[in-house]
Amino acid sequence: MARGMFAPNVASFGFGLFFATHAMSVWGGAFPLLPTDFQTYDVLITFFLVESLAFCAMLVAAMGLSYFRPALLRHRSSVLGSPFMTAGSLCLIAPLYVEPIMMLCVVVGGVLLGVGSALFFLSWQRYFASRDEERGALDLIVGMGLAAPLYALMHVIPGAVAAFSIPLVFIPLSEVCLMDASRSMSFDQPMFADEPRRHRGVYVHALDASLKSALCVGAFGFASGVTRAIAVRDPAMGAIVNGTAMAGMFVACVVLVWLWRRHSFSFDTSALFRLVSPVVVTAFLLLPYLNETYLHWFSGIMYMVFSFAVMVMMVQCMQAARNGGIRPTFIYGFFAGIVYGLQACGFVLGYSADALWLQASPQLATFALVSTWVFVMASALAARPSRETSPALSQAEFVAWERPAVAAAG
C-alpha cells in the first residue's frame with residue numbers, strides 16, 4: 001500500500017482536533033486552561049458528575065434511538081455536537097466574569113459538554129464505520145495520534161487566548177471536518193439500511209458477544225478514573241498526567257501503524273486483559289507504599305492504556321457494525337456506555353474519598369483494594385466460557401497493508 005495512505009487527511013485531522021479539544025475540556029474535570037483557584041473541589045466534582053452523567057445518558061439514548069427509531073439517525077452528520085460543546089465551554093468561562101452564578105454555569109456547562117462530546121463520538125464512530133474497513137480504522141488511529149501534538153499546541157497558546165480559541169475556533173473546525181468527510185458516506189450499506197426490530201436476535205447476540213470486551217475495557221477505565229482523580233487533587237498536576245497520557249498514546253499509535261503496515265494481527269480484548277491485569281493489580285497494590293511521583297506516573301500510564309483501549313474499542317465496534325450489519329451507533333452506544341460509566345465510577349470513587357471513608361481507613365490502600373476487586377471480577381467474567389461468536393464481534397483485527405516481496409512475486 002502506498003505510503004500516502006498513512007498521511008493525515010480531513011477525517012483524521014478533524015478527529016484528532018476533536019479528541020484534543022475533548023481532552024482539554026473534560027480530562028481535567030473542568031476546563032484546564034482556567035486559573036487553578038477556580039478548580040475547587042466543589043467545582044470539579046460537580047462538573048464531572050454532571051458531564052459524565054450527560055455523556056453516558058446520550059450514549060444510551062443513541063443506542064435506544066438506533067434500535068427503535070433508526071430513521072432519525074440516517075443523516076450525514078450530527079451538526080449539534082459543535083454548538084453544544086462551544087456553549088458548554090463558554091459556560092465554564094463565564095464564572096470568571098459573573099462569579100455569583102458559578103455553580104449554575106458549571107452544571108449547565110457539564111451537561112452541554114457531555115452531550116456535545118457524545119454526539120461527536122457517535123458521529124465520528126458512524127463515519128469511520130461507513131468507510132472500508134482498513135481506511136476507517138487507519139483514519140481513526142492516525143487521528144488519535146495527531147491528537148497528541150495538537151494537544152501540546154493548545155498548551156503553547158497563551159491560556160487566555162486558548163480558552164476562547166477552543167470553543168470558538170477549534171471545536172467548530174472539527175465539526176467542519178466531520179461534515180466535509182461525511183459527504184462521502186453511503187447509506188446503502190446493510191448496517192444503515194437495517195431495521196433492528198426485525199432482527200432482534202442479531203442485536204441480542206451482538207450485545208452478548210461484546211459484553212466481556214466492554215467490561216474489560218471498562219475495568220481499565222475504572223482504574224484510570226481512580227488514579228487520575230487522586231493525582232489531580234492538585235490541579236497543577238493535571239497537566240503532567242494529561243501530558244504523559246498523550247505522549248504515550250502518540251507512541252502507541254505510531255507503533256501500531258508501523259506494525260500494521262507489515263504484519264497481520266488481532267486484539268482479543270478479553271485475552272489481552274487477562275494478560276495485562278496481573279501487572280496492573282500489582283501496580284495498584286504498590287500505591288500505598290510509594291511516593292507521589294509514582295502515583296502521577298502510574299496515573300498517566302493508566303490513562304494512556306485506557307486511551308489505547310478506547311481506540312481498539314472503536315475499531316472493534318466499527319468492524320462489528322460492518323460485518324454484522326448492525327447499526328454503528330447501537331453497538332458503540334452499548335460498548336462505550338459501559339466503558340465510560342465505569343470510568344466515571346472510578347473518578348467519583350477517587351475524588352469523593354474524604355466523604356466516603358473514615359479517617360482510620362488509609363485512602364490509597366482502599367483504592368488499591370477496590371480497584372483490585374474490580375479487576376479480579378472483570379478477569380473472572382472474561383475467563384468464563386461463552387457461546388461461540390464471530391471474531392468480528394469479540395476482537396479487533398488488523399490485516400497487513402504491505403505484503404512481503406516474496407509473497408507478492410509468487
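Reply: A pocket is an open set of points on a 1 Å grid over the protein atoms alone, where a 1.4 Å probe fits and protein lies on both sides within 12 Å along at least five of seven lines. Its volume is the space filled by probe spheres set on the points, which are joined across faces, edges and corners. This is a predicted model, in which local features need pLDDT of at least 70 and side-chain atom pairs pLDDT 80 or more, while totals for chains, interfaces and linings use all residues. Residues are numbered from 1 along each chain as its sequence is written, and side-chain values use heavy atoms, without hydrogens or water. Here, the largest pocket holds about 440 Å³ of space.

Me: Which residues lie nearest the centre of the largest pocket?

Reply: They are F220, L272, V276, V305 and F308, out of 21 lining residues (those with an atom within 4 Å of a point). Helices are DSSP runs of H or I, at least four residues, numbered from the N terminus. Helix α11 gives the largest share of the lining, 9 residues; α8 (200-231) and α10 (269-285) each supply at least two.

Me: How many of the lining residues are nonpolar, polar or charged?

Reply: The lining has 20 nonpolar residues, 1 polar and no charged ones. Nonpolar covers Ala, Val, Leu, Ile, Met, Phe, Trp, Tyr, Cys and Pro; charged covers Asp, Glu, Lys and Arg; the others, Gly among them, are polar.

Me: What does the largest nonpolar core contain?

Reply: A core joins buried Ala, Val, Leu, Ile, Met, Phe, Trp, Tyr and Cys through side-chain atoms within 4.5 Å, where buried means under 20% relative accessible area (1.4 Å probe, protein chains only). The largest one here has 98 residues, and F15, F121, W124, L140, M313, Y332 and Y340 have the most contacts inside it. Helix α11 (residues 292-324) contributes its largest share, 14 residues.

Me: How many aromatic pairs are there?

Reply: There are 14. Rings of Phe, Tyr and Trp (its six-membered ring) pair if their centres lie within 6.5 Å; planes under 30 degrees apart are stacked, over 60 edge-to-face, the rest tilted. F15 and F19 form a tilted pair, 6.1 Å centre to centre with 45° between the planes. Both lie in helix α1 (residues 10-27), 4 residues apart. F15 is buried at 0% and F19 at 4%.

Me: Why is the pair of F121 and Y340 called tilted?

Reply: The planes of F121 and Y340 are at 40°, with centres 6.3 Å apart, so the pair is tilted. F121 in helix α4 (residues 102-130) and Y340 in helix α12 (residues 328-351) are 219 residues apart. Both are buried. Ring pairs link a cluster that includes F15, F19, F121, W124 and Y340.

Key:
Buried means under 20% relative accessible area, exposed over 50%, partly exposed in between (1.4 Å probe, protein chains only).
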